[in-house]
Amino acid sequence: MSSEWPLWEVFIRGQHGLNHRHVGSLHAADAEQAIRNARDVYTRRHEGMSIWVVRSNDIVASSPSDKGPLFEPANSKVYRHPTFYDIPDEVGPM
Amino acid sequence: MYAQMVASQPLKAAEEMSDAERAFQARIDAGEKIEPKEWMPEAYRRTLIRQIGQHAHSEIVGQLPEGNWITRAPSLQRKAILLAKVQDEAGHGLYLYSAAETLGISRDELIEMLHSGAMKYSSIFNYPTLTWADIGAVGWLVDGAAIMNQVPLQKCSYGPYARAMVRICKEESFHQRQGFDLMTKMARGTPEQKAFAQDALNRFWYPSLMMFGPSDKDSVHSAQSMAWKVKINTNDELRQKFVDQTAPQAHYLGLTVPDDKLVWNEEKNGYDFSEPDWREFYEVVAGNGPCNKDRLGARVKAWDDGAWFRDGLMAHARKRAAAKIAAE
């Protein structure tokens with residue numbers, strides 16, 4: 001049996017109420033150690049107020065080959081953006 | 001530079017490429033980032049594993065010459081600073097190992113390749129840190145040279161490597177500044193302290209210039225790496241930039257760069273300077289530097305001595321996970 005510690009992905013929430021954000025990964029034997037290591041590796045300079053760790057194996061990712069079907073439909077839907085609409089200057093900020 | 005002489009491939013011309021390779025090169029030319037699970041030429045993957053691996057090993061082995069002085073730092077503050085720096089290097093190694101692992105090689109395989117000599121680390125860490133001033137010289141010169149190389153790599157084509165570089169560059173600036181600060185204190189201290197500072201500069205100057213790797217005319221495999229944007233500048237470009245930036249800093253410290261050919265060249269808007277002794281460089285890379293055996297020996301010993309701990313924690317984690325399942 002391999003003795004290599006499993007890989008974990010680390011997510012950190014910064015100080016200003018933003019979402020947790022993926023910052024990197026590390027190896028740890030269990031979740032507790034993963035949090036402790038993440039604290040040592042990724043928050044040495046006040047980068048975060050909260051840490052999530054998740055086993056890399058448990059992440060389900062979209063496949064690069066699905067890029068087209070997943071994301072291309074948005075290309076033709078420019079009307080979803082506010083900049084699609086011209087608002088006359090005299091109306092003021094909107 | 002932290003990755004010297006990474007064997008890449010001869011540059012492939014567009015007409016030699018497969019359709020997939022041409023599309024891949026077009027993405028890189030358009031400034032797109034390549035991400036882990038996307039298609040990439042096998043040679044791109046192999047080159048990156050070697051380069052990132054060597055870079056990671058350098059960070060980890062680089063802890064040894066500095067760790068040598070943690071217990072002998074002259075004040076509590078200097079000790080705390082040095083500890084923080086050495087801890088950062090461990091972090092840098094980890095970011096880089098993680099980036100390499102996204103290319104389909106395991107951490108244990110990478111470490112095994114370091115220990116067997118199949119992968120190298122930067123030649124600079126095979127020089128000893130004999131005095132406290134050397135710790136200043138390492139921060140100022142070695143980390144200074146590292147920054148020269150790492151700043152452009154933030155824009156390299158492989159996403160995980162580029163992102164690791166962004167984090168590393170932020171922290172690296174602290175390393176260089178604390179080194180320069182230490183050198184300033186020594187250079188402006190007693191005559192004896194100043195002599196230590198000068199001696200450290202004398203010994204670290206040429207090994208620092210070697211960090212950028214052989215001259216472009218002898219570095220035949222750069223072209224493909226540059227086309228792939230995993231190498232952004234040539235070795236000579238970076239070396240020139242380093243000398244142009246560092247020589248005035250030495251002057252500011254009242255220290256003398258150990259090169260009597262160092263002179264400002266108005267025409268090229270840069271310094272003329274002497275090349276390092278490349279025979280020495282190749283000797284060090286081949287394993288015959290002053291500290292090669294010590295450095296690798298220390299890494300292998302740490303790995304072997306830590307095996308019971310790694311296995312123990314894993315066994316404990318498995319036992320607890322099994323107990324949890326049994327309780328449910």
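In which sense do strand 1 and strand 2 of chain A pair, and over how many bridges? Some notes on this predicted model.

1. Strand 1 and strand 2 (residues 21–27) of chain A run antiparallel, with 6 bridges between them. Pairing here means that DSSP finds at least two bridges between two strands. One contact to look at is Phe11(A), whose bridge partner in strand 2 of chain A is His22(A).

2. Strand 1 of chain A also pairs with strand 3 (residues 50–55) of chain A, again antiparallel and with 6 bridges. Here Glu9(A) sits opposite Val54(A) of strand 3. Helices (H or I, at least four residues) and strands (E, at least two) are DSSP runs, numbered from the N terminus.

3. As for cover, 5 of the 7 residues in strand 1 of chain A (residues 7–13) are buried. Buried is under 20% relative accessible area, exposed is over 50%, and partly exposed falls in between (1.4 Å probe, protein chains only).

4. Check the backbone at His46(A): phi is positive, about 60°, and the residue is not a glycine. His46(A) belongs to the loop between helix 1 (31–42) and strand 3 of chain A, and is exposed at 66% relative accessible area.

5. Chain B has a case too: Asn269(B), not a glycine either, has a positive phi of about 55°. Asn269(B) is in the loop between strand 1 (263–265) and strand 2 (270–272) of chain B, and counts as exposed at 53% relative accessibility.

6. Housekeeping: residues are numbered from 1 along each chain as its sequence is written, and chains are lettered from A and ligands numbered from 1 in the order in which they are written. Local features need pLDDT of at least 70, side-chain atom pairs count only at pLDDT 80 or more, totals for chains, interfaces and linings use all residues, and side-chain values use heavy atoms, leaving out hydrogens and water.
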